[in-house]
Every structure is written in C-alpha cells, then in structure tokens.
Amino acid sequence: MTSSSGVTDDITLAPPESLEPTEALAPPEPELTPAALVARARELRGLLRERQAETEAAGNISEATNDLLVSSGFYRVIQPRAFGGYGFDLPTYVRLAAEVARGCPETAWVLSLVLGHVHQLATFPLEAQREAYGGHGEFRAPEVAAPQGRGVVVPGGYRVTGAWDYASGSAHATHILLAFVVPDGAAGGGGLRMGLFDRDDYEIVHNWDVIGMQGTGSNRVVVDDVFVPDHRTKAFPVVSPTLDRAVYDDSPVFYGPSRPFVVMESAAVIVGAAEGALDLYEETFLARKSGPSGAPRDELAEYQLNFGRCRALVDTARAALLQTAADYMEVAETTRRTGVPCSDDDARRLTLVVLQSIHLANDAVDIIFRTVGSSASKRDSMLGRYWRNVGVLRGHLAHQSDSAALNYGRTHFGHPAVGIS
C-alpha cells in the first residue's frame, strides 16, 4: 500500500513544436460531465457495501468490481483528454474517490492511487507516455516509490531486478511504476530512477496480511532482470519536469505541486470512509434501542450529541479537502499560465490542510466506534471494518502530520527540513 512521492514543483513548459505532435485519443464518453461521473459512484454505494466482506476475505477487489470501475470511466477522471481521459479537475477526483470509499474504502484506495498515478506518468518522456496509453487510453499503474530494486546500465537502458512491497492494485494493472537504484560509478552516473514497466514484467507474491485495508491487494511485486529502455525511466524525484503544452494545456491539474496532490490521493479515501461509517452509525440509531429503558437511540441525548459531533467533524474534513482541491487548481492554473511554479511554502500549507482533514475524519470514526456498542467489534461487523480501515490508513507514512508541521515551520523561517520532509 503506497502512494507516489515524486517532487514535480518546478515545471518547464515545452512549446508544442519542440516535441513530435501527439495524436489525440477520444475518451469513451466525450459528453460525460463531472456531476454524472460522481453520480455513478454514488449509485454504486450499495453494491460496494455488499461486496465489502468478500473483498476483505479475498485480499483484493474482484475482477468484476475492477471491470465496473473501468467501464464507469473512473480511472480516467483526470487523465488528459489527449490520451483518452476526461481531464476533469481535482475537486471532481476528490468527490469521486470519496463516494467510492463511502461504499468500500479498500476499493477506493485501489482506485484513487492507481488513477492518481497519471500525475506521475506526466513527468516521463512523452514517448513513454504514448506507449503507456497506447491506442486505447487504458492506463492503470500502481507505484512503489521506495527504491527496493537495483538497475544495471546496459546499452539503451537498464536491466532491473528487485522486490517491491505495498503495490496496491497490482493485480488489476496495465503497468507499474517502480523506483530503483543505479549504483554510483555507473555509466551516466548513479542515483535513483523510476521505471515504467508493463504488467508482464512483474510477478505478484501474496504477502499482504493486515488487520485493515486487507482488500487492497497491496502485495509484493518481483521483477527479475527485466530490460527497461531509457525513455521509460526518469530521474526520481523529478526536479524540473517538462510538460508538453499540446497534451497538457487543457489539463492544469498536472501543473500543480506534487506533495499536496499525493496526500490528497489518500485523504479522499479516508474522508469518504468516515462518511460511510457515519452512514452506518445513523442506521444503528434507527434500528436499535439502548439500555434498560429500551428507548430508541435517536431519542437519547447522548447519541444525539455524539452524532452531531461526528457530523461536524466529517463535514469539516470534507469541506477542508474540497477547498484545498479548489485552491490547488488555482495554483496549478497560475503555473500553467505563467510558468511560475508553486512556492514550497504554499505547497506545504496545502498539504497541512489535507493532513488536518485526515485527523478530523479519523476522530469521527473513533467516536463512532467507541460509542456504537460492542457489536461493532465482531469480526464481520461492517462498522468495525470501517474503523480498522481508517485506523490502518491513519498510520500511513504519508499521513504523519507532526513531521509535516515541523518542517513547514522550519522551512517557513528559512531553516532546512529534517527527517521526513
């Protein structure tokens, strides 16, 4: 289970004539609107709920579920229109992922991260992007940014071997993005690179066994001496990527800073999961009675108070996330128009708000779980599953807000970041 972490804050704008023209692909439904796409996700909530237990038990989303995500167009929500996507904005992405998470957080995690990695693909050479999207625009790629492999320089590229854990969505992918180390002293210099690999290039080792988010299929992938051509690799993280205006001029989301985008990929899932937990909490009020009095829960002040607190926490988390997504689009549009990248200070501030939305959502789910009653602790409890899933996600390395806040304060006052930046 991972999320991308490449830095893409300093954007170079390449004029279209500097690169070969790209033949545009039409999206499957050219007239599809953001509202219609999000409505589809909302309509799937009941079905995703029904499949939760099956997804958790199987350790992965099913082929049928993934096919539904594909046919609904969900993976193409921000994919550039030039490559067969819908080119929608970041608030639409957040709404979509949150709606899916409301029905099944594990399904949403796979969807959100895999579709979000088109942001990472945009910083590869244009030739690699064309190969990845092909003639159909189908691109679904997990990513493991931790360098768990080794690359040997050979004519025309690298031969890569390694084993990468936490490859969420790897069973349903068309490609995968993997970071690897090139030893110092190698021709062209050593260092860290990321490669674009085809689905046939890796094998899956089923080692994902956790108390929450079990249904994400975040297993190990193994690559054994696979050749990856130079144009399908890039220095990682990218410091100054080049975006081709012929492809990306109508997709400003790709001009935005990497750090807040990466955290928003997963925050949308957590906030949506909190909404799903609140749905179940409300249902228990209407279906259950409490204590010796036998009074319906919705009539009791204690439950009314807790429901109100959780409603406020979830709504505030969602509002903060959507406002930050809108702010991100303003920053990205400015960079697209002027070529001036988002400042590090602003990128860190956006990230802090996203992390705060995770805090609020987690607090709501914690209140729900500890006040709903012991039935939520049953192994097959759906509400217990939401609690486990959110708890596991809260501990993700990318969600450690203490280090993010510390480093914002340090860098804001002119001091270097420390530790996890």
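Trainee: Hi! Which strand does S3 pair with, and in what sense?
Mentor: Hello! In this predicted model, S3, which covers residues 157–167, pairs with S7, residues 219–229. The two are antiparallel, with eight bridges between them.

Trainee: Nice. Which residue in S7 stands opposite Ala163?
Mentor: That would be Val222.

Trainee: And how many bridges join S6 to S7?
Mentor: Three, and those strands also run antiparallel. S6 spans residues 203–205. Its Val205 has Arg220 in S7 as bridge partner.

Trainee: OK, so what about Cys104: buried or exposed?
Mentor: Cys104 is buried, because its relative accessibility is 0%, and buried means under 20%. Cys310 counts as buried too, because its value is 0%.

Trainee: Now the inside. How many residues does the largest nonpolar core have?
Mentor: It has 97 residues, and Phe74 and Leu90 have the most contacts within it. Helix H10, residues 258–287, gives the most to this core, namely 15 residues.

Trainee: Which residues does Phe74 touch, leaving aside its neighbours within four places in sequence?
Mentor: Setting those neighbours aside, Phe74 is in contact with Leu37, Arg40, Ala41, Leu44, Leu69, Leu96, Val100, Leu111 and Leu115.

Trainee: What does the second core include?
Mentor: The second core is separate and has 16 residues, among them Val144, Ala167, Ala173 and Leu178.

Conventions. Residues are numbered from 1 along each chain as its sequence is written. This is a predicted model: local features need pLDDT of at least 70, side-chain atom pairs count only at pLDDT 80 or more; totals for chains, interfaces and linings use all residues. Side-chain values use heavy atoms; hydrogens and water are left out. Two strands pair if DSSP finds at least two bridges between them. Helices (H or I, at least four residues) and strands (E, at least two) are DSSP runs, numbered from the N terminus. Buried means under 20% relative accessible area, exposed over 50%, partly exposed in between (1.4 Å probe, protein chains only). A nonpolar core is a set of buried Ala, Val, Leu, Ile, Met, Phe, Trp, Tyr and Cys residues joined through side-chain atoms within 4.5 Å. Contact means heavy atoms within 4.5 Å.
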